[in-house]
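Okay everyone, thanks for coming. Have a look at the structure on the screen, and I'll talk you through a few spots in it.

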Amino acid sequence: MKQTILIVEDERKLAELHRDYLRQDGHETCWLDEGAGVVAWVRKNAPALILLDLMLPGKDGLEICKEIRRFSNVPIIMVTARVEEIDRLLGLNLGADDYICKPFSPREVVARVKAVLRRSARPIEKEDLLLRIDNECYQATLKGRKLDLTAVEFQLISILSTRPGQIFSRDQLMDRIYTDHRIVCDRTIDSHIKKLRKKIAAVASELELIHSVYGVGYKYEEV
């Protein structure tokens with residue numbers, strides 16, 4: 001059964017390019033060129049994924065994403081023309097599953113769509129998890145082996161692994177870890193991530209779990 005991808009984009013040529021490549025990959029598509037009717041359409045049609053532009057006539061992508069998250073967990077990929085907007089999107093914690101900055105190739109869009117659909121479709125069974133998090137005991141195990149983590153390292157892997165594939169900015173991670181609002185350099189997060197990666201590699205060197213997203217932050221994916 002083909003999955004329907006909703007393309008919300010006010011540039012016709014770009015929307016048609018997305019449509020053609022996604023259809024070649026086996027997806028059904030629907031296109032909306034303004035924001036006002038998106039939420040109602042999603043309620044009625046339940047698409048498999050939404051490719052959502054940030055700047056739209058009628059209602060912008062930020063508001064649309066927030067409204068959809070009130071009733072649906074449909075995967076959403078936000079699209080913006082400015083790379084600096086990604087930090088703002090992450091800071092708003094909208095619940096989007098991925099972010100793409102224009103310009104990009106249609107093949108990249110198809111690859112991102114496929115990756116997000118795989119993550120959302122795969123049932124997560126406890127027996128299948130490589131990583132287990134015990135928040136009560138502040139303990140993480142990887143492939144059945146205990147990770148000897150500091151409190152900050154445990155919080156980092158717990159936050160990142162809760163939303164696999166979602167990108168977290170350094171500021172967002174600091175806000176969640178240092179709730180007492182102490183002044184901390186954003187590079188402190190980089191230092192903790194580096195130590196966390198070493199401890200993961202000591203247990204399972206073949207796994208790459210914590211991924212850097214250049215200029216933005218970090219995400220968790222079991223690769």
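Let's start with lysine 143, which is partly exposed, because its relative accessible area is 47%, and exposed would need over 50%. You'll find lysine 143 in the loop between β7 (139–142) and β8 (145–147). And remember, what you're looking at is a predicted model.

So what about the backbone at lysine 143? Phi of lysine 143 is near 55 degrees, a positive value in a residue other than glycine. Why point that out? Because most residues other than glycine have a negative phi.

Alanine 46 is another one to look at: phi here is near 50 degrees, again a positive value in a residue that isn't glycine. Alanine 46 sits in the loop between α2 (38–45) and β3. Is alanine 46 buried or exposed? Alanine 46 is exposed, since its relative accessible area comes to 59%.

Okay, let's zoom out for a second. The protein has 8 helices and 11 strands. Of its 223 residues, buried ones make up 47%. And if you take the contacts between residues at least 6 apart in sequence, 55% of them join residues at least 24 apart.

Now, salt bridges. The general idea is that side chains of opposite charge can pair when their charged atoms come close. How many salt bridges does the structure hold? The count is 15.

Let me pick out a few. Glutamate 9 forms a salt bridge with lysine 102, and their closest N and O atoms are 3.4 Å apart. Glutamate 9 lies in the loop between β1 (4–8) and α1 (12–24), while lysine 102 lies in the loop between β5 (98–101) and α5 (106–121), so this pair ties together parts that are 93 residues apart in sequence. Glutamate 9 and lysine 102 are both buried, by the way.

Next up, arginine 12 with glutamate 16: that's a salt bridge too, with the closest N and O atoms 3.4 Å apart. Arginine 12 counts as partly exposed because its relative accessibility is 49%. Glutamate 16 counts as partly exposed as well, because its relative accessibility is 27%.

Then there's lysine 219, which forms a salt bridge with glutamate 221, the closest N and O atoms being 3.5 Å apart. Lysine 219 and glutamate 221 are both buried. And some salt bridges share partners: Glu9, Glu11, Asp53 and Lys102 are joined into one network that way.

In the UniProt record, which is an unreviewed entry, the annotation "modified residue: 4-aspartylphosphate" covers Asp53. Where is aspartate 53 found? Aspartate 53 belongs to strand β3, residues 49–53. Aspartate 53 counts as buried because its relative accessibility is 4%, and the cut-off for buried is under 20%. Leaving out residues up to four places away in sequence, aspartate 53 touches Val8, Glu9, Asp10, Gly61, Val79 and Lys102.

Moving along to a pair of helices. Helix α7 (residues 170–177) and helix α8 (residues 187–203) pack at an angle of about 80 degrees, and their axes are 9 Å apart. So α7 and α8 are roughly perpendicular to each other, because angles from 65 to 115 count that way. Which residues make the contact? From α7 they are Arg170, Leu173, Met174 and Ile177, and from α8 they are Arg187, Ile189 and Asp190. Sort the residues of that contact by type and you get 4 nonpolar, no polar and 3 charged.

One last stop, serine 158. Serine 158 is in helix α6 (residues 151–162). Serine 158 counts as buried because its relative accessibility is 12%. Not counting residues up to four places away in sequence, serine 158 touches Ile133 and Asn135. If you go from serine 158 to arginine 132, they're 26 residues apart in sequence and 9.2 Å apart in space, C-alpha to C-alpha.

That's my tour, so over to you for questions.

Notes
Residues numbered from 1 in each chain as written. Predicted model: local features only at pLDDT ≥ 70, side-chain atom pairs only at ≥ 80, totals over all residues. Heavy atoms only, no water. Salt bridge = Lys/Arg side-chain N within 4 Å of Asp/Glu carboxyl O. Helix = DSSP H or I, 4+ residues; strand = E, 2+ residues; numbered from the N terminus. Buried < 20%, exposed > 50% of the residue type's maximum accessible area, 1.4 Å probe, protein only. UniProt positions renumbered as here; feature names shortened; annotations may be inferred. Contact = heavy atoms within 4.5 Å. Axes fitted to C-alpha atoms, helices over the stretch in contact; angles between N-to-C directions. Parallel < 35°, antiparallel > 145°, perpendicular 65-115°, else oblique. Nonpolar A, V, L, I, M, F, W, Y, C, P; charged D, E, K, R; others polar.
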